[in-house]
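The following report describes a structure step by step, from a whole chain down to a single residue. Please keep the sequence and the model in view while reading.

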Amino acid sequence: MSANTWLATGNFYTTYKQEQKTFFTSLDRSVFTFFLIILFAWPLFFPLSNKFMLVIDNTLIAVVAVMGLNLVTGFAGLISIGHAAFVGIGAYTVASFCRTMGDTHIIITHFWPLMIILSGLVGAGFGAIVGLPALRLKHLYLAIATLSFQMIFQWVINFMTFFNQGQTISVGRVFWFTGKVGRKDHYFFWYYAILVVVILLGFGFRNLLKTRYGRCLIAVRDNDRAADAMGINPGLTKVYAFALAGFFAGVAGALHAYVYRGVGFESFTLHESIGYLAMAIVGGLGTLNGSFWGPVFIKFLDLQMEHLSEAIGQYLPSGMNLTTAMKPFTFGLVIVLFLMYESRGIANWWRITKSYTKLWPFRY
Amino acid sequence: MSYFFQIVVSGIVVGSIYALAALGLVLVYKSSRVANFAHGQIIAAGAFITYFLTVTLAIPIFFSFLASMIITFFLAMSVERIFLRRLIGEPIISVIMVTIGLGSILDGLIYLTPFGSENFSFPTFLPHEPLSFGGVSISWTQLVGVIITFILIGGFSWFFKKSTVGISMRAVSDDQFASMSVGISVPKVFGLAWATAGLSAAAAGCIIGNITGLNFDTLHSFGIVVFPVIILGGLDSILGAVVAGIIMGLIQQFASGYLDGNFGLFGTGDVMPYIILLIILLFKPHGLFGIHEIERV
C-alpha cells in the first residue's frame with residue numbers, strides 16, 4: 001500500500017486481504033461519507049412537495065431493481081426481459097397478505113421490514129424457478145424464455161380473482177416508533193426507508209463481488225466452460241444469479257407496494273421490464289454505480305420530457321399527441337444513442353473522471 | 001362438429017398471418033443473427049402507410065399495398081444501414097436492446113400521428129357476406145388474406161431457393177467467411193435481408209389491418225407474439241415459420257374456443273403461445289426445423 005492514504009496513483013496490493021477492502025483510499029471513504037450525509041440531510045433543509053418526493057422514491061426503488069438486473073444481466077451475462085415480473089412478484093407478495101388478512105393487519109403495518117425481506121425471499125424463489133431454463137438455454141433463447149415468463153405473469157395477475165384481476169389492491173399505512181406515518185410524511189418517511197435499503201443492498205452487492213459467490217458470476221459470464229474447469233458449477237451459478245436478481249426485485253416490489261400504498265398490474269408490464277433493462281444499460285451493465293446513474297438518468301429524463309411536452313403541446317394542433325409520443329421517442333433514442341456511442345454507459349464517464357482526478361494536475 | 005371446423009378455419013387464418021409476420025423475423029435472424037424486437041412497429045407502419053395512401057391520397061388499394069411494401073423495404077434497409085451495421089460483433093444484449101430502442105422510437109413517431117391512438121378500418125372492397133360451407137363460414141377478407149399470404153410465402157421460398165440474391169443470403173447465413181471469399185458482400189446481404197423483412201412486414205400489416213381493423217396496439221403486439229412462433233419453428237427456417245405459425249394459430253384458437261369460459265378461465269388464447277414456448281424451450285429448444293446449435297451448459 002502506498003504511504004499516502006489519501007491519494008493513490010495505482011493499486012499496490014500485497015495481500016488479498018487488501019484487495020477486499022471496501023474503500024481503497026481515505027479520499028474514497030470521505031467522498032462516500034460526504035455523499036451519504038448529503039443524501040440523508042437534504043430533505044430536512046429543502047423540503048419538496050409530495051409529488052417530487054414520489055419521483056425520488058420511485059427512482060430509488062428502480063435503483064434497487066436495477067441492482068438485481070445488473071447482477072443477472074450485467075455480471076452473470078444472462079439477459080432477462082422479465083425483470084418487472086419479479087418486481088411484481090415482490091409487490092404481489094405484500095398484496096396477497098393484504099388480501100388474506102386485510103390491508104391494516106399488524107403484519108403489514110408494524111412488521112413491514114419483515115414483509116420486505118419476505119417479499120425478497122419469495123422473489124428469489126421465483127427467480128430460481130425461472131432461472132431453471134438457463135440450465136439448457138443461452139443468449140437469445142434465454143431472453144425469450146424470460147419474456148414468456150413475463151407474459152405468463154401478466155396473464156396470471158389479470159386472470160386470478162385473488163389478485164383482484166390486476167385492479168389496485170390497497171396496502172395500509174405503516175407505523176414507525178412515533179406512531180402511524182401520516183399522509184404528509186409518507187413519501188418523506190419512505191425516502192429514508194428506501195435509502196437505508198439501497199445502502200444496505202449496495203454494500204451487500206459490493207461485498208458479494210469480492211467473494212467467491214460474486215466472482216463465480218463473472219467467471220460464468222466470461223466463459224462458462226473455463227469456469228466449469230475451475231470447479232464452478234455453471235448451471236447452479238446461473239440459477240443462483242436469477243435467484244439473487246429475484247431477491248433484489250422482490251425487495252423493490254415490496255417497497256413499491258408500500259410507497260404507492262397499492263399494487264396494480266400496470267406497474268409490472270413488459271414495458272417496465274424494458275425500462276429496467278434500459279436503465280441498466282444507460283447506467284452501465286456490469287457496474288455497481290451504473291445501477292444508480294441509470295435510473296436517475298432515465299427517471300429525470302422522463303420528468304423533463306413531461307414538462308417539455310406540456311410546454312410545447314400548447315402550440316401544436318390538437319391532433320398531435322405529443323405527450324404520449326415524446327416519452328417512447330426519447331426513451332428509444334437514449335437507448336440507441338448510448339448503445340451506439342457509449343455502450344459502457346454513464347459508469348464509464350464516472351470511471352474516466354475518477355482516473356483523471358487521480359493524476360491531476362499531471363497527465364500521461 | 002361445425003364449431004370444431006369453424007375453429008380450425010379461424011386457426012388457419014390467424015396462423016397464416018402469424019406465419020407471414022414471423023417470416024420477416026426469420027429472414028433477419030437467418031442472415032444476420034439479430035432478433036428484431038421492432039418488427040411489430042414495422043408491421044404497424046406498413047399498415048398505416050397503406051391506409052394513408054388508400055384513404056387520404058385515394059390511390060387504389062392494390063397500388064398502395066405495393067407502394068407501402070416498397071416504402072417499408074427502404075425503411076427497414078435504412079434502419080439496418082444506420083443503426084444495426086455499427087453493431088456487428090457487439091454482444092447480443094446490445095443488439096436486442098437497440099432493436100427495442102428502435103421499436104420505441106417508431107412507437108413515438110407513430111404516436112405523433114393520429115394513427116397512434118384511434119381506430120381505423122380499411123375501406124371494404126370485397127363482398128360483405130361470408131362464404132359458408134356446411135355451417136363453417138369464412139369472410140372474403142380472411143379468404144383473400146390467406147390466399148395472398150400463401151402466395152407471398154411461396155414467392156419468398158422461391159426467392160430463397162432459386163434467385164441469386166436468395167442463394168447468397170442463404171450462403172451468408174451458413175458461413176459468413178466462406179461467402180465473403182466467393183465474393184458475396186455480406187453487409188449488402190444484411191441490408192437486403194432487413195429490406196425483405198420490411199417488405200413482408202408491410203404485407204402482413206395490410207392483411208392484419210384488413211382482417212382485424214387498424215389499431216396500433218393490436219398491430220404492434222404481433223411483434224412480440226411472433227417470438228413463440230419462430231422458436232417453435234426453429235429460429236432460421238422459413239418452412240418452420242409457416243408450419244409453426246399455423247400450429248400456433250390453431251392452438252390459440254382451440255384454447256380460446258374450448259378453454260375460455262369452461263373452467264373459469266379466460267384469455268387463454270393470449271397466454272397459450274407463451275406456455276407452449278416455455279415447453280418447447282425446455283424440451284426441444286431448436287424448434288421443429290431449426291438447426292441443432294444449442295449447447296448444454
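A residue is called buried if 20 or more other C-beta atoms lie within 10 Å of its own, exposed if 12 or fewer do, and partly exposed in between, with C-beta atoms placed from the backbone. By this definition, buried residues make up 44% of the 364 residues in chain A. The model is predicted: local features need pLDDT of at least 70 and side-chain atom pairs count only at pLDDT 80 or more, while totals for chains, interfaces and linings use all residues. Residues are numbered from 1 along each chain as its sequence is written, and chains are lettered from A and ligands numbered from 1 in the order in which they are written.

**Chain A as a whole**

Chain A contains 15 helices and four strands; these are DSSP runs, with helices (H or I) of at least four residues and strands (E) of at least two, numbered from the N terminus. The radius of gyration of chain A is 21 Å, close to the 21 Å that the globule rule gives for 364 residues, so chain A is as compact as a globular protein of that length. The radius is taken over C-alpha atoms, and the rule is 2.2 Å times the number of residues to the power 0.38. Along the principal axes, the C-alpha atoms of chain A fill a box of roughly 60 × 50 × 50 Å.

**The contact between the chains**

Two residues are in contact if their C-beta atoms, placed from the backbone, lie within 7 Å. Chain B gives 41 residues to the contact and chain A gives 43. On the side of chain B that touches chain A, H4(B) gives the most, with 17 residues.

| Helix of chain B | Residues |
|---|---|
| H5(B) | 140-162 |
| H8(B) | 186-212 |

These helices pack at an angle of about 170°, with their axes 9 Å apart. Axes are lines fitted to C-alpha atoms over the stretch in contact, and angles run from 0 to 180 degrees between N-to-C directions. H5(B) and H8(B) are therefore roughly antiparallel to each other, a term for angles over 145 degrees.

**One residue of chain B**

Gly15(B) lies in helix H1 (residues 2-32) of chain B. Is Gly15(B) buried or exposed? Gly15(B) is buried, with 25 other C-beta atoms within 10 Å. Leaving aside neighbours within four places in sequence, the contacts of Gly15(B) include Gly245(B) and Leu250(B).

Technical notes: Parallel < 35°, antiparallel > 145°, perpendicular 65-115°, else oblique.
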